[in-house]
Amino acid sequence: MAGADSFAVERGKGEKAVVWMNEYAKKNNIKFEAKLKEDTFMSTTKFGNFEFLSWKGEWSAARNIIKRASNKLGIKALESGYHEKKDLLSSMFGSSSEFAKVYSNGNLVGQLEMSMKGGKWVVKNEVFS
C-alpha cells in the first residue's frame with residue numbers, strides 16, 4: 001500500500017500533524033505527503049476519537065513519520081493495515097478484520113481490531129498494551 005487510509009491521528013489535531021509530517025518529510029528529502037481525509041472519523045472507547053489521513057509515499061517512511069509526529073506533537077496516532085493470516089478462501093469470503101497499533105507520545109499503548117461496515121471503520125475490540 002503506497003498510499004491509503006492506514007493512518008489516523010487524534011481528532012482535532014490532524015491539521016497540525018499533517019503540517020508537521022509534510023514539513024519533516026520535505027526537510028529530510030523523504031518521499032511522503034499526507035492530507036486529512038474529510039469527514040472520515042473513528043471513535044474508540046479506550047483511546048478517544050481519530051481522524052484518518054490519506055498519504056502517498058513509502059510505507060516504511062510513513063510508519064516512521066507517523067510515530068515521530070506522535071512523539072514530537074504529543075498526540076495519539078493509529079497505524080493500521082495488519083491482518084490475520086488466513087487461507088485465501090477465508091480471506092475472500094470471511095468477515096475479515098484489520099488490526100491497528102495505537103501510539104501515544106510515540107509509545108505503543110494499545111491495539112484495535114476493526115472491520116468495515118457501510119464504508120466506514122468500526123472498532124470491534126480494544127486492548128491496552
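So, which strand is M42 in? M42 sits in strand β2, residues 32-44.

Quick housekeeping before we go on. This is a predicted model, where local features need pLDDT of at least 70 and side-chain atom pairs count only at pLDDT 80 or more, while totals for chains, interfaces and linings use all residues. Residues are numbered from 1 along each chain as its sequence is written, and side-chain values use heavy atoms, with hydrogens and water left out.

Okay, the overall layout. You've got three helices and seven strands, and from the N terminus they go β-α-β-β-α-β-α-β-β-β.

Is M42 buried or exposed? M42 is buried, at 3% relative accessible area. Buried means under 20%, exposed is over 50%, and partly exposed is in between, using a 1.4 Å probe and protein chains only.

And who does M42 touch? Skipping neighbours within four places in sequence, its contacts include F50, L78, L112, M114 and W121; a contact is heavy atoms within 4.5 Å.

Last bit: cores. A nonpolar core is a set of buried Ala, Val, Leu, Ile, Met, Phe, Trp, Tyr and Cys residues joined through side-chain atoms within 4.5 Å. The largest one has 18 residues, and V9, M21, F32, L53 and I66 touch the most other members. Helix α1 gives the largest share, six residues.

Technical notes: Helix = DSSP H or I, 4+ residues; strand = E, 2+ residues; numbered from the N terminus.
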